[in-house]
2 protein chains.
Amino acid sequence: MAEITEVKALVFDVFGTVVDWRTSLIRELETFGTAKGITADWTAFADDWRARYQPAMEEVRSGRRPWTILDVLHRESLESLLTKYGITGLSEAEKDHVNKAWHRLSPWPDTLPGLRRLKTRYLIGTLSNGNVGLLAWMAKYASLPWDVILGAEVARAYKPLPEAYLRTAAILGLEPRQVMLVAAHNDDLAAAAAQGLATAFVARPTEYGPHQTKDFRADRDWDVVADSFTGLADALQCT
Amino acid sequence: MAEITEVKALVFDVFGTVVDWRTSLIRELETFGTAKGITADWTAFADDWRARYQPAMEEVRSGRRPWTILDVLHRESLESLLTKYGITGLSEAEKDHVNKAWHRLSPWPDTLPGLRRLKTRYLIGTLSNGNVGLLAWMAKYASLPWDVILGAEVARAYKPLPEAYLRTAAILGLEPRQVMLVAAHNDDLAAAAAQGLATAFVARPTEYGPHQTKDFRADRDWDVVADSFTGLADALQCT
């Protein structure tokens, strides 16, 4: 296990850990639907969109498809969902606006107070499968105070491939043990720990709403286990 | 010429434009020399170090050498300078500390007040030949409030190659005309303008100390010409 005292940078999973993508996406879709007079089960639409996330990335991870950023994968999924839900006649600009709902996700209530405290002691950044532009505009929208935006696009590897974790540490000029991944997903932490990173689990038991089936609690004895980012700041003695 | 009203992101040259690398480097070297009891002309050492910057990058730009980050180029230059100045017996940790003087550069007096105002209206980021780790730790050291750290390492091209500018805009999901380069160097701005970026010149007439030979003023009618970052904030109506 990594020694927490050696940690110099905290890198965060974003979707689910930092932001409440599901509630935000449903809100964005409902607002769009109301404005355009389009009726649909937007909650099911949001869940369906997220369900296509892992299969789309797997095409890239497996090497069957060349490197493709998440904004593009999201857009392709959106096209097929519009067909599935019988929504027609949207302009390119409207589709682009809907696709960028992923840039307008709201943080969990403890996210900003926690990040501000953690930033006083650590370099804080993203380690997300979101592309840099998506994450940068989301940060601007939600006032997320990142020191650096890293992840799949910079590492040129989608999590949980080892390179996503190892290259992120290397880009910061750090050893893996000097970097702690903060995530609400046990499988993400397991992949990071396998590469020598320190680990912190923060429970987000409502991420998937009524469809949540896992990650209610820590599966393993991670370096830190907390129920919020402010709890993480407490555990890491960031005042 | 780009329409300034379309600009959504400001990206900054860093060495010389944002930070006073020369004064900072001389200070770091003198502090190190005093602590270790090493006498040398540290001002000449600093100027010599910077003089090796463009030739080292040119090896990569020309394709004669595979992609190499600036921290590594700096370190190679340092090794040859230590030999030139007859400084021997430094440990790897000491050399690493000296090399990371480039991570501990101080901003010009107007930098932080200006960036804070510009950040309220624009996404602000780096477009530097420095690598991401160097720029992230420098930002942490100097409290530079970047929204995103971009540049040569992410674009995989050193300025003034066209790809450095074009890929930076593309990563942000923006057209070149929606991105403004802020720089104290007319040649950097010329290369950006050739790719369709908006341009702002901020004069840094003491960057090279007594050795400054150019860039005392704007060579062309850039979209904005200012004498400080706060002057730039005034020109862009950022209160």
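Visitor: How do the axes of H1 and H5 of chain A cross?
Guide: In this predicted model, the axes of helix H1 (residues 21-36) and helix H5 (residues 92-99) of chain A come within 10 Å and cross at roughly 155°. Axes are lines fitted to C-alpha atoms, for helices over the stretch in contact, and angles run from 0 to 180 degrees between N-to-C directions. H1(A) and H5(A) are therefore roughly antiparallel to each other; the cut-offs are under 35 degrees for roughly parallel, over 145 for roughly antiparallel and 65 to 115 for roughly perpendicular, with the rest oblique.

Visitor: Which residues make that contact?
Guide: H1(A) contributes A:Glu28, A:Leu29, A:Phe32 and A:Lys36, and H5(A) contributes A:Glu94, A:His97 and A:Val98. Contact means heavy atoms within 4.5 Å. By class, there are three nonpolar, one polar and three charged residues in the contact of H1(A) with H5(A). Ala, Val, Leu, Ile, Met, Phe, Trp, Tyr, Cys and Pro count as nonpolar, Asp, Glu, Lys and Arg as charged, and the others, Gly among them, as polar.

Visitor: What conventions apply to the numbering and the values?
Guide: Residues are numbered from 1 along each chain as its sequence is written, while chains are lettered from A and ligands numbered from 1 in the order in which they are written. As this is a predicted model, local features need pLDDT of at least 70, side-chain atom pairs count only at pLDDT 80 or more, and totals for chains, interfaces and linings use all residues; side-chain values use heavy atoms, with hydrogens and water left out.

Visitor: And at what angle do H2 and H3 of chain A pack?
Guide: Helix H2 (residues 42-51) and helix H3 (residues 53-61) of chain A pack at an angle of about 20°, their axes being 4 Å apart. That makes H2(A) roughly parallel to H3(A). A:Trp49, A:Arg50 and A:Ala51 of H2(A) meet A:Tyr53, A:Gln54 and A:Pro55 of H3(A). The residues of this contact divide into four nonpolar, one polar and one charged. Helices and strands here are DSSP runs numbered from the N terminus, with at least four residues (H or I) for a helix and at least two (E) for a strand.

Visitor: Turning to H7 of chain A, how many of its residues are buried?
Guide: Eight of the 11 residues of helix H7 (residues 132-142) of chain A are buried, so the helix is mostly covered. Buried means under 20% relative accessible area, exposed over 50% and partly exposed in between, with a 1.4 Å probe and protein chains only. Among the buried residues of H7(A) are A:Leu134, A:Leu135 and A:Met138. Just after H7(A), A:Ser143 takes a positive phi of about 60°.

Visitor: What does H7 lie across?
Guide: H7(A) lies across strand E2 (123-128) and E3 of chain A, and runs at about 145° to E3(A).

Visitor: What is the strand order of the sheet in chain A?
Guide: The order is E3-E2-E1-E4-E5-E6, in an open sheet of six strands with parallel pairing. Strand E3 (148-151) and strand E6 (224-226) of chain A are the edge strands, each pairing on one side only. Two strands pair if DSSP finds at least two bridges between them. Strand E5 (residues 198-202) of chain A and E6(A) pair over three bridges, and A:Val202 stands opposite A:Ala226.

Visitor: Over in chain B, which residues of E1 are buried?
Guide: Strand E1 (residues 9-12) of chain B is covered on both faces, with B:Ala9 and B:Val11 buried on one side and B:Leu10 and B:Phe12 on the other. Four bridges join E1(B) to strand E2 (residues 123-128) of chain B in parallel, and B:Ala9 stands opposite B:Leu123. E1(B) is also joined to E4(B) by four bridges, again in parallel, where the bridge partner of B:Leu10 is B:Met180.

Visitor: Is B:Arg75 buried or exposed?
Guide: B:Arg75 counts as buried, at 18% relative accessibility. The residue belongs to helix H4 (residues 70-84) of chain B. Not counting residues up to four places away in sequence, B:Arg75 touches B:Glu92, B:Lys95, B:Asp96 and B:Asn99.
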